[in-house]
Structure formats: C-alpha cells, structure tokens
Amino acid sequence: MPELRDYAGQPVASEFTPDIKHFDTDATLETAVRLFWRQGMASTGIQDVVTATGVNRSSLSSTFGDKQALHRAALRRYLEHRSQPVFQRLAEDNRGLPAIIELFTGLISARCSGEYARCGCMVSNAHAGTENGDPEVRSILDQHHQQLRDAMYAALVTAEEQGQLAVGADPGASADLPALLAYGVNLRSRAGADAHALDDTVRAALRPISARAAA
C-alpha cells in the first residue's frame, strides 16, 4: 500500500500503517494484563483492549498478533513482573516457615481487598479457563507452577535447617502442599471467601509439618 501523505506531502499515521509504532507497547501490554486478569481471556475482546488502550486493532494485531497471542504475552508479563519477584524473595528468605506464612498473609490480603479483590491470580484463572487448551499457555502454567514449587522447597529446606519442621517432614515431599494451597487461596478468593477463614485454613494445613505443632 502506498504511503499516506498530508497536503504538504508529509507522511501521516494511519491504522493502515501498523509497522510504525505510535504507542507505548509496554504500557499497552500492561493494560491488557489488567483486562485479562479482571475479566478472563474468554470475556475479553479485542475491542475491550482497543477501548482501554486507545490503540487501534491494526496496530495491536501487527504488534502482538491475534487475541490468543496477546493473551499469551500478557500471561508471560504477569509471570515475570508479578509472580517471579515473589518467588525469588521467598527462595532467598532465611526465615523458613515464617516466610511462607508471610507470603500467604500478603497473598490473602491482595486477593481479598484492594484494587484486585476477587480477581484471583491471572495464572490460576488460566488453569480454570478454556485458554489452558493452548499448548503455549500450558507451558507458561507449568513454568509458573515449577517456580512456585521451587520457591516453597527452598523455604522448607531453610526451615529444616533451622529445626522448624516436624520429624519426618521432608522438604521435597512437602513442597507441593503450600504450592497447591496458593492455588486454592487464589480460586476461593474469587468467590468472595473470607480472608480470616482463608488464613485459618492455610495455618491449619501447614500445622502438621511444623515442629512447633508436633511438639
């Protein structure tokens, strides 16, 4: 298609020239993250993204691809910017079980109050959505789960070294327990579960592996 020019002969931006980026791709992707997170992939249309970002369909398509590709990019961004920093802090924390409890306290607070109350976790939501039929999405979900489990394992190894685990509690065998608890908190909070009830459940579930509880 020939380049569009104004009356002075200067090039002009158009929805038909998507190769020229006249928008902040990073901010646009972050807006897509928030939309998919709140509404879910199935309930979010490209027009929703157009309306929220002010970027036309042609530019979105040329930059990110179709809706499925945009969702995958948003899911990767969620993992990199929201999940992974939390996992890294937990893995590097030297407190053991208190660090795991603190993670859940923050998770429950974020899921039950504030801007994203009852939105759950974008990754957990994808586990329960039709988008998990996409092999690339499943790969992202598997990556998230492995990193979550690895962080829990690292914290439990620290707990074992500090004598915080009950006799017979093995960090490797126990790491899936808090990882699965995190998914449960994310999903139950979407349905409006009470924060105090979720906190009580988490503490009760972790009690059997705690040396203090076993004493």
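Tryptophan 37 is buried, at a relative accessible area of 5% (buried means under 20%, exposed over 50%, partly exposed in between, with a 1.4 Å probe and protein chains only). This comes from a predicted model, so to speak of local features takes a pLDDT of at least 70, side-chain atom pairs count only at pLDDT 80 or more, and totals for chains, interfaces and linings use all residues. Residues are numbered from 1 along each chain as its sequence is written, and side-chain values use heavy atoms, with hydrogens and water left out.

The structure holds 2 aromatic pairs (rings of Phe, Tyr and Trp, the latter by its six-membered ring, with centres within 6.5 Å; planes under 30 degrees apart are stacked, over 60 edge-to-face, the rest tilted). Tryptophan 37 and tyrosine 78 make an edge-to-face pair, 5.0 Å centre to centre with 80° between the planes. Tryptophan 37 sits in helix α1 (residues 25–39) and tyrosine 78 in helix α4 (residues 67–92), so this pair ties together parts 41 residues apart in sequence. Tyrosine 78 is buried too, at 3% relative accessibility. Tryptophan 37 also pairs with tyrosine 116, this time stacked: 4.0 Å centre to centre and 5° between the planes. Here the link runs from helix α1 to the loop between α5 and α6 (122–128), with tryptophan 37 and tyrosine 116 lying 79 residues apart. Tyrosine 116 is buried at 11% relative accessible area. Put together, the ring pairs join Trp37, Tyr78 and Tyr116 into a cluster.

Next comes a helix pair. The axes of α5 (residues 97–112) and α9 (residues 176–190) come within 9 Å and cross at roughly 15° (axes are lines fitted to C-alpha atoms, for helices over the stretch in contact, and angles run from 0 to 180 degrees between N-to-C directions). That makes α5 roughly parallel to α9 (under 35 degrees; over 145 is roughly antiparallel, 65 to 115 roughly perpendicular, the rest oblique). On the α5 side, Ile100, Phe104, Leu107, Ile108, Arg111 and Cys112 meet Pro178, Leu181, Ala182, Val185, Asn186 and Ser189 of α9 (contact means heavy atoms within 4.5 Å). The residues of this contact split into 9 nonpolar, 2 polar and 1 charged (Ala, Val, Leu, Ile, Met, Phe, Trp, Tyr, Cys and Pro are nonpolar, Asp, Glu, Lys and Arg charged, the others, Gly among them, polar).

As for the whole chain, it has 11 helices and 0 strands (DSSP runs, H or I of at least four residues for helices and E of at least two for strands, numbered from the N terminus). Of its 215 residues, 41% count as buried.
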